[in-house]
Amino acid sequence: MASEHLPSEFDVVILGTGLVESVVAAACSRVGQRVLHLDRRSYYAGKWASFTLNGLLSWIDEQNTTLASEEQSKDWSALLEEGEDLIGLSTRDVSPVTNLQVFNYTRSPCLLVARSPCLLVARSPCLLVARSPCLLVARSPCLLVARSPCLLVARYQLLRECFCFSEEEVEEEEVEEEVEEEGQDQTPARETEQEEKRRKRLSYAELLKEGRRFNIDLVSKLLYSRGALIDLLIKSNVSRYAEFKNVTRILTCRHGNIEQVPCSRSDVFSSRLLSVVEKRMLMRFLTSCLDQDTPLLYQDFAQRPYLEFLQHHKLSENLQHFLLHSISMATPDTPTATALTATRHFLQCLGRYGNTPFLFPLYGLGEIPQCFCRMCAVFGGIYCLRHSVQAVVVDKSSNRCKAVIDSQGQRISCSHVVLEEGCFTQNATPTRWVSRAVLITDGSVLPSEAEQQVSIVTIPSESPVRLVELCPSSMTCIPGTHLVHLTCQSLGSAFQDLSPVVTRLFQTADSDHHDQRPGVLWCFYFNMSEGLGSEVSELPSNLFVCPGPDGSLGHDHAIAQAELIFQKILPDEDFCPPAPNPEDVLYPGEEPGTGPSHQGEEPQTSPSHQGEEPETSPSPQGEEPQTSPTHQGEEPETSPSHQGEEPETSPSLQGAEPETSPSLQGAEPETSPSHQGKEPETSPSLQGEEPETSPSLQGAEPEKIPVQPENGTQG
Amino acid sequence: MGLVARQTHGRLKIKTTAQQEEERRKELEKKMKLYVAARDVCFSKRKEGVLDEEALLLTQQLLSSNPDFSTLWNYRREILMHLETVREEDDLQKIFESELSFLESCLKQKPKSYGSWHQRGWVSARMPRPDWARELSLCDRCLSLDERNFHCWDYRRVVVKMSGVAVDQELRFTDRLIGSNFSNYSSWHYRSTLLPLLHPESPEPPSPDHQPGRGSPPPSPQTNAHRVCEEQLLKEYELVQNAFFTDPNDQSAWFYYRWLLGRAEREDMISCVYVSREEERVAVGFSKPVHAQSVGLMLVLDGQPQRVEWRSVHPRLRHSPVWVCDLPPATISDIGNEHNLTVHWTEKHTHRDCALYNGRTESWCRDSATDQELFRSELSVEKTSVLQSELTSCNQLQELEPLNKWCLLTIILLMRALDPLGYEKETLAHFQTLKEVDSMRSAYYGDLCSKFMIENTILKMEYAEVRVFSISDKKLSTLCHLDQLLLVTHINLSSNELRRLPPQFSMLQCLEVLEADNNSIEDLEGVYQLPKLEEISLKNNKISKMEDLAPLASCPKLRRLDLRGNPVTQTASIQSDIAELLPSVTDLLL
């Protein structure tokens, strides 16, 4: 593979394919910079990635194994010139994901014993009580209480600190359990029986079998319909690569019940939770929030808690709850000015694309960075996955980067280097963490007539928990399941922070049988550091570090950071100007107006890459120049796109503009209903289509969606 | 394998705007040429009477780029009708099906094209085996994109009618539309047509206050066909309250609310028969304006049908609630005789009797406004408790939104339905607020207020059982309900803001004294053929020309006329002019 070298000169070298890096890459490439975009991982989007279930399991495994293989940094001094210095980069993420814990509650249909195989990967002290074959992979003191054959794998010398209550009494208990369950099964059937059946239908094996139809985000965010990201997607025409679904409901947890928050006019109208007077009070309050003159109204309250302000307005207790927790998403002591700003943003986003302020990208959030990568590639950016930067070459006198040394030891000159966070070993341990939980459940927290709901639930607590529930039509989970993301600022470990909420809202295996709450089939807790920007000092002036995902709901921080970095690199350039229509691009030697050509000016120079089979191009260099930016055909393994509708034989991105793809372009649904077509349910087509499926995805068999990288196969 | 040498590139070359424009222009030109050529072919084919499939194809191409080309749709229909005569049914079905899918593509392009929707209705109606379910889902889809597309609403009505969709299903459809956006007149209105079908008001038991001794047909002032049962009504009140509390400025909900509160139309009936011995004249009042010559009106006197000529009280009123006729001379003039009159309204199978006893100069038989609760504004005679609770909610809303005009107006209507006289003061105060907050419509509110004041005065008059109608100093801007004043002998309209006495004024067939001082009257058109009118006082008005006084010449008994303070008195020859015009006037004040 030594022959497969990259060009040795670029304008911008970017390491990491997270959202900020990808936006910077697209912006630079769009204005003509030569961009080399690398990621040491085998998948796109870094911490912003979405995984299939199987992909996620491998990823969880990998989080543990990568720690083991710490490489010694090599000596690159031979590549250095006079007056140059090296900054070595870490080969792994120094702000890793921690406290990973997986719980599996699926029931195996072949066994009557309810508890089923479970995998617990633990890096910190934990307790696993298991009733069926389990695997505990532990790196710190653990307690395993098991009632059936279990395996405890502990690394390093920790074994003796782990306790295992072995399977002595298992047999008896198991039999007992079996009898019990059978007895219960025979009890007079009620409505729950059907639910039981449904639940039992999905075994762990089935989840894994359908696993590639899941798209599980590491980060749980939504797009504000008038947020910076949507604006950027529209402005840059990147929106043509993505499709979105409206978040359909805003829910909250009040007095232990899940209730729908009335926030739009039609919600307020049809809400059964409010009296007519409350409806008027709420509408009046919301309308006054939208007025520009409100500062006068809350002047006296600006720095006082929002709750006091709400009480001052004589709003009833449930209105206070809705306004505080769900609409401003604040805490009771948030200052009024801050909360009102959030409220106004929320209200301004309402109604642009639907009844809530939020959008969610089909196939998961991991799509978004990939869309920007795609834009970058269209304009000539070169992509290599599983390819890293080992060190940055710095000119001592000017303290500027001159080049990077890639993972193959090649020196690549460049004028700017952009790195993802966590590249520097010197970087201090992150101070702010986000606690996350991902659940696969068998029902919605608030079942409704319209089955396919995407909901956000605000759950007030010491550290307010945000729950996003995705339905199968968001293309993130399989029919019969919902994918649930929980997020909060960490106080303790993710399990400590979030498991009380999970047990309150969902049935876990230990719950009562006749429970109406949705059951959890599979569940994964982890903590992720919150990326707030680099704290590394004394960096070369042309080296930039991109922050990772922050804990907030929107993307404004990431987009602002990307724009800031871009402006430092290219102060005089426009940030992501609209990309031209493919037919308006002029290719050398082409008459104007002869339409888009996928082949570049030198098609003969790249014959070997056209239509290459995935197996035969394992190399990360399988990318094409701008002349045929073929993400699809070239690297299906790591393909950023799920555009199943795009035949492999026309891999050009320029060609990839299905007319049916609902576009965000200039969409103002208030005045033009046809733009609502971006929401599958309101597809403008007059044909008798299935309402829940997005028009442009019709042809795409979900099974044919390229699978996310199977990390397990590497190394 | 070596990596591809990438050329160091700059920016992508993009066509300039001028290039794009040029390309677009050329494209357009090309299209235009094709279009014109195809159009000419179509026209010539039609002229030659060719009805073949090629023409079908050509018109399709043209219409898909311009679906508003009516001539081509007509041509297409001619072709299709021709095909109907020569093709098998299955074949035809296919042709029509493809026509529908073509229309669908047209509608996608222009969802408000008259031609396309019309063609669709035409095709659906002619198809051998129409798929109504599909048409219905097309409409629903289209309405979900634009809930106010009236073409689609129209077409949907056709589809629903043809396919016999269940009413409750349709009601759920309106539920859904209203739920997603309640600012939708179409849905609310549709609802109002469905509810009476689905939840009709149960027939009322015979009302206990029915007074049979009046010699009139059993009075049932309400017809029930358009009403809704109470249980459902309460649900509807709740629904619509949710809407107007959520957005009190949205008028669609208020209009629906008014409909809910509204009363059905009164039953058609003869409300009054008046007979005067002296004039040998009969006046008949109806519950609505009618055209007497064409409704089969018949007068029976002492068992003998009479040949009489019905005439409206004023030549300008072709339809009038009051009609008069003169009996043949000397039929009832002898005061010693007793007569029985019956007026038949044969078209409505109703009649009213009236007896003229001996020694009496006149007689009448009528329903009073109080009996019939005529003036409970447009609101129904619901149970008072329901109206009372509706008034409470509206007052609640008004407290929150003191300046909301819809709320104020509804409160006024509710108050009138509950107790028009008791709430008079509040009503006037609310009208004052209304005129201030909605100054653009202050004249409308003035007229409405006048109407309510007149109603109240009529009620007071009837409670007092007098024939004197006095409403002075009430800022009246208009006159109405004049048919209810048929029997009034004295009317006092002084110190108001009236500008005319309209033709309807001539319904006051018994009027003897008219006082209308201190108004701005400049037109006396309605003081016409009032047989008993003797005195007119019109001090301080704006009568400026002699011609304005002309109608008075038709009142035979007029002897006193007070015109002081009118511009017309400045005319030089006024005395002699009036003497000439109104010879009967002996007491003229100028």
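Me: What makes β6-β7-β3-β2-β10 of chain B an open sheet, and how are its strands paired?
Reply: This is a predicted model, where local features need pLDDT of at least 70, side-chain atom pairs count only at pLDDT 80 or more, and totals for chains, interfaces and linings use all residues. Residues are numbered from 1 along each chain as its sequence is written, with chains lettered from A and ligands numbered from 1 in written order. The five strands of chain B pair in the antiparallel sense. β6 (310-312) and β10 (362-366) of chain B have a single partner strand each, so one side of each lacks a neighbour in the sheet.

Me: How do you know that β2 and β10 of chain B are paired?
Reply: Pairing takes at least two DSSP bridges between two strands. β2 (residues 270-276) and β10 of chain B have five bridges. They therefore count as paired. In one of these strands, β10(B), R366(B) is the bridge partner of C272(B).

Me: Why are V13(A) and L36(A) said to be in contact?
Reply: Contact means C-beta atoms, placed from the backbone, within 7 Å. V13(A) meets that with L36(A), and also with V389(A), V404(A), I412(A), C414(A) and V417(A), leaving aside neighbours within four places in sequence.

Me: Which domains are assigned in chain B, and what are the bounds of domain 3 and domain 5?
Reply: There are domain 1, domain 2, domain 3 (270-365), domain 4 and domain 5 (466-589). Such bounds come from an automatic or database domain assignment.

Me: How many residues of domain 3 of chain B are in contact with domain 5 of chain B?
Reply: 14 residues of domain 3 are in contact with 10 residues of domain 5. The centres of these two domains of chain B, over C-alpha atoms, are 26 Å apart.

How values were computed
Helices (H or I, at least four residues) and strands (E, at least two) are DSSP runs, numbered from the N terminus. Two residues are in contact if their C-beta atoms, placed from the backbone, lie within 7 Å.
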